[in-house]
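Subject: Structure handover

Hello,

Here is the structure I promised to pass on to you.

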Amino acid sequence: MKRMISFLCCVIFLFSFVGCTSENGDYTEHQDLEKNEISFFDDALHFDLKEAGLTNVFIRDMCPSSALVGDDLYARVYLVGDDRYRGNMSTSDHYLMLIIEDKIILEDLKTGNYNARLGGRIEVEDFDGDGYKEILVQEAADMFGGFGQHISRVYKYDDGQIKTIFSAFTDNEHRFDTGFSCTVLEDYNLKIQNKYTGYEEIFNYRDARKTWYGEKDCTYFGTQLLVDSFYSFEPMDVDEDGICEIIGYQYTSLNGHTDYVGSAKTVLKYDKEKAEFVVVDAEFIRCDSKPTQEK
């Protein structure tokens, strides 16, 4: 219910600057409510942006306050959904929308064949340290396997355009490499490593599947750690320098999604010299196991 009220308020707010006076310049009369309760219908929260070619769209999420995105430029930031799947605003395609002064700037968030989104949200923070706000977009593409598949990106307003400065999922479906790998050891031990940070821990899994090993249960058997997309992607000023990092969590498995072994946690920080996000901290989390060795 709170989400529905928020959508309605967004739509009212979005168009509050349009059509508030009559042709002769006089204000229109206050509209008295004829009823305090009416039937809900989906299209009540939809609107058109016909000049951009968008019809029957709605507000999926919004930044609660205006964000400084450039020199004396403030933007109202919205995640807009196109309910073309008739899912009652559940499954939709997404667009990023910025209202800056008297202009609306739009970006299509489609990615290859993965246009349908089951949900999405936005966060506005300074990630690159320039004093202006960037926009984190986290979307759910599907809920198959593990914790589902998600699309995580960061956008920046730059001279009238919305530009991507980070994407964990591209048109070619290549996931961002957070550097995790594993080695299956004897006695149901699993060594987890991260190539970017030097992180290494060995965990014991007494409930490990026999498919980890060869003919004998305790024979070394190499296998690849399968790392999914970021199921959690949150801004946080980890080092308290006034610039936000991003904390990401990824579902991991060995022999298909049912062989869950834990969550890969990484901290991403924007590197000004490289002009990209890099992994600055890493940790592997398995709630029902304790590390047997730490380095």
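Which residue forms a salt bridge with lysine 265? The partner is glutamate 283, with the closest N and O atoms 4.0 Å apart. By salt bridge I mean a side-chain nitrogen of Lys or Arg within 4 Å of a carboxyl oxygen of Asp or Glu. The two residues sit in distant parts of the chain, 18 residues apart, with lysine 265 in strand β16 and glutamate 283 in strand β17 (residues 276-285). Glutamate 283 is partly exposed, at a relative accessible area of 36%. Here buried stands for under 20% relative accessible area, exposed for over 50%, and partly exposed for anything in between (1.4 Å probe, protein chains only).

Before you go further, please note that this is a predicted model, in which local features need pLDDT of at least 70 and side-chain atom pairs count only at pLDDT 80 or more, while totals for chains, interfaces and linings use all residues. Residues are numbered from 1 along each chain as its sequence is written, and side-chain values use heavy atoms, with hydrogens and water left out.

**The overall picture**

The chain has one helix and 18 strands; these are DSSP runs numbered from the N terminus, helices being H or I with at least four residues and strands E with at least two. Of its 295 residues, 44% are buried. The accessible surface comes to about 16700 Å², and carbon and sulfur atoms hold 48% of that; the areas come from the Shrake-Rupley method with a 1.4 Å probe, and for residues only the protein chains shown count as cover. Among contacts (heavy atoms within 4.5 Å) with a separation of 6 or more, 50% are between residues 24 or more positions apart.

**More on the charged pairs**

Side chains of opposite charge can pair when their charged atoms come close. The whole structure holds 14 salt bridges. Lysine 269 takes part in one with aspartate 241 (3.2 Å, N to O). That pair also links distant parts of the chain, 28 residues apart: aspartate 241 is in the loop between β14 (226-236) and β15 (245-253), and lysine 269 is in strand β16 (residues 260-271). Aspartate 241 is partly exposed, at 39% relative accessible area.

Lysine 269 also meets glutamate 245 in a salt bridge (2.5 Å, N to O). Because glutamate 245 lies in strand β15 and lysine 269 in strand β16, this pair ties together parts 24 residues apart in sequence. Glutamate 245 is buried, with a relative accessible area of 1%.

**The cores**

A nonpolar core is a set of buried Ala, Val, Leu, Ile, Met, Phe, Trp, Tyr and Cys residues joined through side-chain atoms within 4.5 Å. The largest has 18 residues, and those with the most contacts inside it are Val77, Leu96, Leu98, Ile135 and Val137. At least two residues of this core come from each of β3 (67-70), β4 (73-82), β5 (93-100), β7 (119-125), β8 and β9 (149-158). Leaving aside neighbours within four places in sequence, valine 137 is in contact with several residues, including Leu79, Leu96, Ile122 and Tyr155.

Alanine 140 lies in strand β8 (residues 134-142) and is buried at 13% relative accessibility.

Strand β13 (residues 200-204) has five of its five residues buried. Glu200, Ile202 and Asn204 lie on one side, Glu201 and Phe203 on the other. Strand β12 (residues 189-194) pairs with β13 in the antiparallel sense over five bridges, where pairing requires that DSSP finds at least two bridges between the strands.

**Two backbone angles to look at**

Aspartate 159 is not a glycine, yet has a positive phi of about 55°. Aspartate 159 is placed in the loop between β9 and β10 (161-167) and is exposed, at 73% relative accessible area. Glutamate 240 likewise has a positive phi, near 55°. Glutamate 240 lies in the loop between β14 and β15 and is exposed at 70%.

Best wishes
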